[in-house]
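Have the viewer open while you read.

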Amino acid sequence: MNWSLTFAPLIPLAWLAGLAVVGLLAIAPLVFRRVRGAWLRLAALAALIAALAGPVLLAEDRQPLPTIVAVVVDKSASQDLDGRAATTEAARDALQKRLGDLRNIEIRTIEAGGKTGSVPVDGTELFTALSTALADVAPERLGAVVMLTDGEVHDVPQAAGSPFGGAPLHALISGRDDERDRQMVIRSAPRFGIVGERQTIEFEVLDQGAPSNEPVRVTISRDGEPLAVETVTPGAINRFTLEIGHAGQNIIEFEAAPLDGELTTVNNRAAAIIDGIRENLRVLLVSGEPHAGERIWRNLLKSDASVDLVHFTILRPPEKQDGTPINELSLIAFPTRELFSVKIDQFDLIIFDRYAQRGVLPTVYFDNIARYVREGGALLVASGPDYASDDSLYLTPLADVLPAAPTGRMIERPFSPRITDLGKRHPVTRGLAGADAEPPHWSRWFRQVEVDKPDGEIIMKGVDDDPLLVLQREGEGRVALLLSDQVWLWARGYEGGGPHVDLLRRLAHWLMKEPDLEEEALRATARGATLEIQRQTMQERIDPVTVIAPSGARRTLTLAPDGPGRFGASLPADEVGLWRVEDGERRAFAHVGPANPREFTDVLSSFDKLAPVVEATGGHIARMASADGDLETPRVIPMRAGRAMSGGDWMGVRMTEASVLKGIDRWPLFSGFLGLAALLGLMAATWYREGR
């Protein structure tokens with residue numbers, strides 16, 4: 001019970017002060033002259049002033065508040081190394097037992113580390129988690145903060161002084177003094193690169209705890225495929241030059257051979273992510289006999305800003321013969337040697353549109369085109385009656401790479417092009433607008449070339465389910481055969497037209513090996529705290545995939561159907577770093593957070609980062625366990641503010657004097673009969689004394 005005195009005056013204070021002054025001026029001369037009864041008059045005046053001031057005695061009923069001790073437990077990924085997590089849990093139990101033996105102490109346990117909620121963060125942020133958890137605690141109630149960690153904390157306050165309002169910070173460090181580790185560090189890497197050009201990455205191998213000058217074997221890979229093996233010296237900066245292989249993310253991994261006795265091999269790997277940017281694709285378009293849809297390919301390719309088009313057209317149809325030599329028919333001589341011999345490998349795609357062999361191209365150049373395809377080039381034959389004629393391209397050396405042989409017959413009757421079951425799963429024709437209806441919501445065509453059973457994949461069919469669009473892989477290259485010249489009807493809007501832009505653009509980009517149009521592909525994408533996995537396939541069923549987290553943890557995941565030829569799944573990406581997805585043949589990578597996370601940049605347990613704050617707050621820092629592995633938990637002693645908060649084998653808790661007010665009892669001193677009796681008694685005594 002706390003007692004205090006307050007006043008509740010019955011008249012304004014100014015009036016009360018004036019009355020007191022007037023009374024004193026009247027009585028003071030009597031006191032100095034020692035007039036009989038003067039002191040009684042003064043006492044009566046004081047009683048009157050006191051009664052008007054309204055003195056009240058307060059009795060406060062207060063309940064003491066417990067002292068808060070915050071125990072911060074590091075749950076980051078580095079705590080899983082070398083038995084640190086088990087040691088930390090044992091130290092936590094021992095500490096909570098010792099704190100539980102003290103009176104009037106409330107323990108708040110805060111688990112923090114590598115993520116906030118479900119969102120992974122870059123590094124171990126214990127102070128941020130502590131500040132959030134203690135937002136409702138007044139600074140004077142905090143008795144101490146105890147951190148159970150390996151010392152690798154990435155949000156240590158830099159300002160001098162105590163961050164806890166005078167409470168001490170004690171740190172118990174897991175791990176051992178003789179730890180050693182090897183780390184791979186990317187010193188510099190470009191963010192972007194032109195596909196096909198060379199870029200240089202600087203990297204370094206660091207040995208901690210066991211410096212060594214022995215050479216280290218470093219394996220370098222791109223998207224999981226080995227590129228090279230380098231032998232380097234620890235501590236030296238090395239350079240590796242590579243060619244940007246494809247558009248989109250190129251993930252370049254550097255992996256150092258393990259160090260004997262090291263804590264973990266997770267940080268033996270480092271990744272550089274380089275976004276590949278394509279220069280303009282080079283396309284050679286050779287148009288043969290003039291026809292109604294001759295400009296369809298030209299208009300489509302010219303509208304694509306990423307395509308550099310070289311276009312040659314044979315303007316004279318074969319029936320118009322006037323005896324003029326072939327080499328004198330063009331305004332500009334057809335540079336056949338430059339295009340089909342010297343510079344053929346510079347093109348990403350060659351298109352023959354209604355082209356028949358008329359002697360313009362010598363046979364040897366068709367041999368060059370066939371070789372170009374086998375070595376990684378792309379060929380598209382958009383055919384019509386020319387393919388079924390005696391001058392067909394199939395009667396040249398291109399027959400070795402073309403997927404279907406013509407029978408010599410043209411089928412000329414209306415039909416609606418349809419997507420085959422295989423085409424519904426193929427990225428070129430999957431999801432074309434209007435394909436789901438029967439008949440499809442696009443215009444009819446009126447002729448197509450009849451062919452024998454083709455070798456490639458039939459993704460569109462025409463009359464009597466005969467092949468209409470056939471795709472084939474030949475060696476390292478690709479070939480497409482379109483067996484009708486009626487696609488221009490879609491472009492002209494006949495009977496409502498059709499999706500000619502989507503079809504032809506996808507077809508061209510598939511031939512040029514656009515990664516998004518691969519038939520068999522495994523992709524992984526990090527979107528915030530979620531890892532999304534997609535599998536594109538021409539098969540109806542797929543096997544489960546293996547997901548490997550940055551820490552090395554593996555899990556098996558079954559992908560669910562997500563439309564024809566597509567399977568997908570998602571899972572929480574609860575670790576920062578490089579995630580891998582494998583299905584036995586394919587591998588995909590996705591990075592969550594920065595390319596080289598701080599959590600595994602330095603995994604050696606250390607006093608260095610927390611020691612300045614511990615010292616500034618007067619706290620205690622020590623290992624959780626001795627070199628023999630025995631747990632060593634310091635004694636916990638309650639202390640008053642202003643005293644030392646730590647010693648050789650103990651740590652202190654600043655006990656708070658905070659309390660909460662539960663109620664107040666009021667006792668007016670000059671109210672009621674007691675006050676009236678005191679006042680009347682003094683006045684009566686004054687009259688009596690003066691009357692004698």
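## The antiparallel sheet

Arginine 535 has phenylalanine 567 in E32 as its bridge partner. The two strands involved, E28 (residues 530–536) and E32 (residues 566–572), pair in the antiparallel sense over seven bridges. Strands here are DSSP runs (E, at least two residues), as are helices (H or I, at least four), both numbered from the N terminus; two strands pair if DSSP finds at least two bridges between them.

That pair belongs to an open sheet of four strands, in the order E27-E28-E32-E31, with antiparallel pairing. Strand E27 (521–527) and strand E31 (560–561) sit at the edges with a single partner strand each, so one side of each has no neighbour in the sheet.

## Ground rules

This is a predicted model, with local features needing pLDDT of at least 70 and side-chain atom pairs counting only at pLDDT 80 or more, while totals for chains, interfaces and linings use all residues. Residues are numbered from 1 along each chain as its sequence is written, and side-chain values use heavy atoms, leaving out hydrogens and water.

## The parallel sheet and its helices

Another open sheet has five strands in the order E4-E3-E7-E8-E35, with parallel pairing. Its edges are strand E4 (105–112) and strand E35 (621–623), each with a single partner strand, so one side of each is left without a neighbour in the sheet. On average, neighbouring strands of this sheet are turned by 15° against each other, direction ignored. Axes are lines fitted to C-alpha atoms (for helices, over the stretch in contact), and angles run from 0 to 180 degrees between N-to-C directions.

Inside this sheet, strand E3 (residues 67–74) and strand E7 (residues 142–149) run parallel and are joined by six bridges. Valine 72 has methionine 147 in E7 as its bridge partner. Helix H3 (residues 84–100) packs on the sheet, touching E3, E4 and E7, and its direction makes about 165° with that of E4; contact means heavy atoms within 4.5 Å. Helix H4 (residues 126–133) lies across E3, E4, E7 and strand E8 (169–173), at about 135° to E4.

## Two cavities

How many cavities of 30 Å³ or more does the structure hold? There are two. A cavity is a set of points, on a 1 Å grid over the protein atoms alone, where a 1.4 Å probe fits but cannot get out, and lining residues have an atom within 4 Å of a point. Grid points are joined across faces, edges and corners, and the volume is the space filled by probe spheres set on the points.

The largest cavity comes to about 60 Å³, and its lining includes His291, Trp297, Asp353 and Trp488.

Most residues other than glycine have a negative phi, and most peptide bonds are trans. Glutamate 438 and proline 439 are joined by a cis peptide bond, with omega about -5°. Proline 439 is in the loop between helix H9 (421–425) and strand E23 (448–451).

Arginine 354 has a positive phi of about 55°, and glutamate 495 has one of about 50°. Arginine 354 is buried, with a relative accessible area of 3%, whereas glutamate 495 is partly exposed at 40%. Buried means under 20% relative accessible area, exposed over 50%, and partly exposed in between (1.4 Å probe, protein chains only).

Technical notes:
On a 1 Å grid over the protein atoms alone, a cavity is a set of points where a 1.4 Å probe fits but cannot get out, and a pocket is an open set with protein on both sides within 12 Å along at least five of seven lines; lining residues have an atom within 4 Å of a point.
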